[in-house]
Amino acid sequence: MKYIDEFRDGALASRLSSAIEREADGKRAYNLMEFCGGHTHAISRYGIADLLPGNVRMIHGPGCPVCVLPIGRIDSAIDLAARPGLILATYADTMRVPASKGLSLLKAKARGADIRMVYSSADAIRIARENPGREVVFFAIGFETTTPPTAVAIRQAQALGLSNFSVFCNHVLTPAAITNILESPEVRELGTVPLDGFIGPAHVSTVIGSQPYEFFAEEYCKPVVIAGFEPLDVMQSILMLVRQLNEGRAEVENEFTRAVSREGNAKAKALIAEVFELRSSFEWRGLGEVPYSALRIREALRDFDAEVRYGIAYRQVPDNKACECGAILRGVKKPTDCKVFGTVCTPDNPIGSCMVSSEGACAAHYTYGRFKDIPVVAAAS
Amino acid sequence: MCLALPARVIALPTPDAAVIDIDGVRKTVSLELVEGVAPGDYVIVHVGYALARLDADEAQRTLALFASADASALAGPEQPS
Amino acid sequence: MSKVRGGYVRPVDFKHGHVDMSHGGGGRAMAQLIEELFVREFDNAWLRAGNDGASVTVPPGRMVIATDSHVVSPLFFPGGDIGCLSVHGTLNDVAMAGARPLYLAASFVLEEGFPLADLRRIVASMAQAARDAAVPIVTGDTKVVERGKGDGVFITTTGVGVVPDGIDIASDRARPGDAILVSGTLGDHGVAIMSLRENLSFESTITSDTAALHGLVAAMLAAVPRIHCLRDPTRGGLATTLNELATQSGCGMVIRERDLPVKAEVAAACEFLGLDPLYVANEGKLVAIAPMEESEALLAAMRAHPLARDAALIGTVVEDPHHFVQMQTTFGGRRNVDWLTGEQLPRIC
């Protein structure tokens, strides 16, 4: 696969690994957070941690929109799907998230709710057109990568006069989440959780550009390197962060130059601004209420807002007391620090947000990295 | 973040849609969010939409950067923002 | 099951007819369907005899019985259909025990309203698969359920076979040091099916690999009788099969990503959907575990067979009290290849 396979080359990986090893200062630690769930998944799937020296530590951030979706919002989606005749169209990622009363969208489907997994918001529009007598709700989740496709769908619904189509909007914003992490007490206080730099998300950045991260670099003096999606991109970005830290710089650098510019995608950004506006606050699972971190559909397009149409009232549902996701999402704790990790809480039976999607820190570690936790390592031949 | 892939545009059946191809797998995606895409271009595709055109020159430059990682131990960073 | 007697009986309308409740009622309509469809297509002395069960002779030795229900949707897919799939699946289960398949039985649960044209297509496909495998379908059963209580058609097949002397294949026989081999490219079937799922459709030339493997197994055993384990990685893919064998044998495994055979198109389709080929179903492939010193001979025997041209040596069984299956990634690092969580669903993130 062009532009994919070349960026996964093992020989180049060892070169980058040697370079990082050589340039990392043995006298200090480098605590780097990769914000994006896709990067978390890549790091685990390709075993990147094996190729880093011990003093370069990757901390997994909350960039997984499924993980940070509060239980109460899934409950609302299930309630919508339970309405007679209503079709809920959703990305497959949400199907297994456990909600209240032991339910999930998958279980609700098994009980007869008409829930359809779609690949694209365009499929939801098609379902609405093909079923004019039925209400169709699109369960929209995702960061800024996924928001423009929802905006296009709403615009299309408007142009087509699709009165049976609406969107349950749960889109969230990357910069707000990064601010929240940087503002958390453990990070601000020196000596507790040092967070030295960020690997910025790949595809979110194709939309928002590199410019929004300049604020973090300036205000908090943390370097940011925007990394492409492939494992070599991640390693090159780690090398670039190591260099910035060695040189005492705190700048925004772009490793993903083949797809990211400083301004981003102007057309997509304009469309987002036309269709959505900021919510003053939104609950993130594991992080609590985060100000100006999420979007809702504008007043002018309220006909397509499922929250308005169906009078959805949000009910806050607390996480399990044993769950350490909040600390893990901030990089304060590791999955293995959580008492229920791997025992009660597993990918088959996730208790908290970090285990819910394959990109969550706990799920990624459980699925790909558990062999590292065991003192007796199997002898490889 | 989100799963997105670089794919080659092989046809534009309408101004707003493209048929993309990755190693023989084809799908029709929307071009509503990008401009100036022509057959032969590579685009980043996410949930059925092209989000950005991939700059082939920059891709080559990035690959060259990986390859030079060993050699640039003493040199400073040259990556533009 | 009785022959339809008497004067003229209008033939079953396979072109335009549909299954209805009378076809499962045990009366004339059912007998007619059985005779004009199943007996005619499967075409052997046992079915023509018209008994409820088939009387067969079996050679002496250890017998293997295997059964499988087939609920695949869609019923027709590139490279096959539920009919041939149901024949191959059970033949393969018998073969994975090292046995030579002898006879098959097939039972059908039909949904009221199911088009008879589709049913005939499926049964013809089963008949062809059975003929190609030289294993007759000697007995069967038909039931009809009301509309809405089935998915068109469910097929259950049962097979019996005999294990040659000196063959001892079981899931708990993998030993540290053994070689792990696969017979060909991974993920073809699952991706072929996915490409037809509503809302996920993409165009590709990927076809299901559904095939009967007993001929291949016979060739493998002729070259290397000391094979320890055989299993076909169907639902849950190679990863699930390796984890099962590791757990049952009480050991671990290490495989090499660069040695896994995967078609470029399958890899691309998996990327699109966020799937891992290791977990995608195969219907015409097998995993073999054998002593390492026999691996070269085994690989040669496999590659000489038309169904295993892409066979590969992919890893080694190791000592591991935790029974982990680990993989050396092409990238240079290591990762677990864990059990599948739930059902593999496509993802956008």
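Colleague: How much of chain B counts as buried?
Modeller: Of its 81 residues, 43% do; buried takes 20 or more other C-beta atoms, placed from the backbone, within 10 Å of the residue's own. This is a predicted model, where local features need pLDDT of at least 70, side-chain atom pairs count only at 80 or more, and totals for chains, interfaces and linings use all residues. Residues are numbered from 1 along each chain as its sequence is written, with chains lettered from A and ligands numbered from 1 in the order written.

Colleague: Which elements does chain B have, and in what order from the N terminus?
Modeller: Chain B runs β-β-β-β-β-α. Helices (H or I, at least four residues) and strands (E, at least two) are DSSP runs, numbered from the N terminus.

Colleague: Switching to chain A, what is the strand order in the open sheet of four strands?
Modeller: The order is S4-S3-S5-S6, with parallel pairing; a pair needs at least two DSSP bridges.

Colleague: Which strands stand at the edges?
Modeller: S4 (114-117) and S6 (165-171) of chain A; each has a single partner strand, so one side of each lacks a neighbour in the sheet.

Colleague: How many bridges join S5 and S6 there?
Modeller: Seven, between S5 (residues 136-142) of chain A and S6(A), in the parallel sense. A:Val137 stands opposite A:Ser166 in S6(A).

Colleague: And which helix packs on the sheet?
Modeller: H5 (residues 121-130) of chain A, touching S3 (87-90), S4, S5 and S6 of that chain. Contact means C-beta atoms, placed from the backbone, within 7 Å. The direction of H5 makes about 175 degrees with that of S5(A); axes are lines fitted to C-alpha atoms, for helices over the stretch in contact, with angles from 0 to 180 degrees between N-to-C directions.

Methods. Two residues are in contact if their C-beta atoms, placed from the backbone, lie within 7 Å. A residue is buried if 20 or more other C-beta atoms lie within 10 Å of its own, exposed if 12 or fewer, and partly exposed in between; C-beta atoms are placed from the backbone.
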